[in-house]
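Here is a friendly walk through one protein chain, in questions and answers. Have a look at the model first, and then we can go through it together.

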Amino acid sequence: MAINLIKEPAPPKGKLKLPDLYATAVGQVIGAGVVTLIVPAMGMTGNSAWLAYLVAVLVGFLYVLPCVFACSALRFGGGTYSVSCDLLGPRLGGVFAFSYLAGPLYMSMFALSAVTYIGDVFPVLSSPVGRIASALIIATLFFIFNIRGMNVMAAVQKIMVWILIAALAMYIIFGLVHMQYPIFDFNDPNFMPQGMLKFDGTMLTGGFLTAVFLFYSSTTGYGMNLGYGRDAANARRDVPKSMLLTFPTILVLYVGVAIATAGSTSLEDFAGSSSLVYSARRIMPPILAYLFIIGGPVMAVLSSFNSSFAYHSLTIGQSCRDGWFPKKFGERNKYGTYTYILIFIYLLSVLPIIFGIDITQLVNLLQLVTFLTTILPQIAFLNLPKKYPEAWKNAKLRVPLGIYYLSCWASIIVSTVVFIKSCLSMNILVVVVSLVFIAACVILGLWRTNGGHVTIRTSVWDSDGDE
């Protein structure tokens with residue numbers, strides 16, 4: 001195997017403290033899903049959309065839980081790429097590196113959501129040209145924030161997240177006051193009207209479980225905090241704690257927003273839109289409705305956009321430093337950020353808008369093409385206690401070994417089920433193209449290991465830089 005392995009020494013403590021990490025996690029996870037997927041899910045499962053979101057948040061927590069346990073034992077400098085390289089081996093690390101190039105496509109979901117809301121508020125911007133212009137302005141703004149360094153990103157993130165939480169809480173209160181539909185009546189004909197699963201020919205198009213896994217895509221983003229091990233002041237304590245604090249936050253906010261929406265506004269009232277603009281106008285005074293739209297949905301997608309720039313650049317940047325991609329691609333500027341990688345992410349985030357892909361299609365496509373980057377780290381976590389027995393013994397969050405392994409297998413099963421659901425929800429051509437992409441990533445990752453250009457710097461440490 002033509003790969004050099006270098007054990008990178010633990011860097012000094014970073015600057016991100018628990019409030020920074022919590023804001024990053026909340027901003028990362030509360031994004032396009034909670035403000036654009038509720039209406040499509042109502043079309044799939046009627047008044048039970050709130051229950052579908054409750055189940056989705058719990059399933060998402062099962063996926064993230066191994067990350068929580070692993071981060072309490074080890075400090076990861078390159079996110080899930082570091083996990084895959086160190087705990088699965090360099091070859092599969094290469095497969096992950098190439099697969100992860102599709103990861104920033106998730107950011108297009110945030111941009112797509114933002115331009116949907118902007119178009120609903122300002123119809124003049126709802127045209128194809130207006131949507132593309134809006135997306136480019138949003139992407140440019142957060143490209144500038146992130147290219148100036150991690151501290152600027154974190155400062156902007158904290159402000160946006162607290163505005164976001166306040167706006168969503170206000171929406172929930174008004175929605176509960178104006179509830180008029182029997183969303184808690186399990187015997188109502190509109191409660192799961194399409195049953196558990198609905199097929200149109202061979203394609204999965206509706207049903208309660210379909211709505212659950214549509215929502216699922218918006219419930220796992222806080223697991224990305226694993227990638228801030230290098231930048232955290234007390235990584236093994238604060239990174240897992242930030243994830244655990246985020247789980248109840250999104251449980252209350254997501255389910256609350258779903259209850260407020262389905263309980264106060266019928267599907268027909270949305271007039272074909274997937275945004276909450278119409279429900280906000282029904283339940284709030286005009287001035288508060290506009291404040292909610294700006295502070296809630298728009299802030300949700302923008303905060304996710306902001307933190308995603310940082311996380312994806314860190315992960316791809318580590319892959320560049322190891323030699324999977326050209327060295328030029330991974331060059332840093334004077335602020336320590338990856339200029340060319342950020343440009344790549346910037347371009348990828350607006351492509352689906354330019355090509356006119358809708359939000360439901362985009363979610364299913366992303367769950368397909370990112371399958372390897374979701375399941376490889378979960379398999380890798382199985383090797384942690386054996387490879388790092390002392391770190392596991394000294395983990396900040398200690399659990400019995402059996403519970404840890406159970407959480408890993410639960411996460412693997414969830415990822416596999418989501419992949420199968422996505423295959424069943426897309427037309428055969430998209431599935432074939434996605435599978436070809438996955439196969440190409442596997443081939444490129446394995447081929448690159450024989451080129452003699454790869455030097456893996458195992459950015460995994462069992463100390464927080466103070467030991």
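Q: How many helices and strands are there in the chain?
A: This is a predicted model, where local features need pLDDT of at least 70, side-chain atom pairs count only at pLDDT 80 or more, and totals for chains, interfaces and linings use all residues. Residues are numbered from 1 along each chain as its sequence is written, and side-chain values use heavy atoms, with hydrogens and water left out. Helices (H or I, at least four residues) and strands (E, at least two) are DSSP runs, numbered from the N terminus. The chain has 20 helices and six strands.

Q: What radius of gyration does the chain have?
A: The radius is taken over C-alpha atoms, and the globule rule is 2.2 Å times the number of residues to the power 0.38. For 467 residues, a compact globule would come out near 23 Å, and the chain agrees with that at 21 Å.

Q: What percentage of the residues in the chain is buried?
A: Buried means under 20% relative accessible area, exposed over 50%, and partly exposed in between (1.4 Å probe, protein chains only). Of the 467 residues in the chain, the buried share is 62%.

Q: Is Tyr117 buried or exposed?
A: Tyr117 belongs to helix α7 (residues 106–121). Leaving aside neighbours within four places in sequence, its contacts (heavy atoms within 4.5 Å) include Val35, Ser275, Leu276 and Pro297. The C-alpha atoms of Tyr117 and Leu276 are separated by 8.1 Å, although the two are 159 residues apart along the chain. Because its relative accessible area is 1%, Tyr117 counts as buried.

Q: How many residues of α11 are buried?
A: Helix α11 covers residues 235–264 and reaches 42 Å from its first C-alpha to its last, close to the 44 Å expected. That expected span is 1.5 Å times one less than the number of residues. The helix is mostly covered, and the buried count is 23 of its 30 residues.

Q: How far apart are the end C-alpha atoms of α19?
A: Helix α19 runs over residues 401–425. Its 25 residues should span 36 Å at 1.5 Å a residue, and the model agrees, with the end C-alpha atoms at 36 Å.

Q: Why does Ile420 count as partly exposed?
A: Ile420 sits in helix α19, where the buried residues include Val418, Phe419 and Lys421. Ile420 counts as partly exposed because its relative accessibility is 45%.
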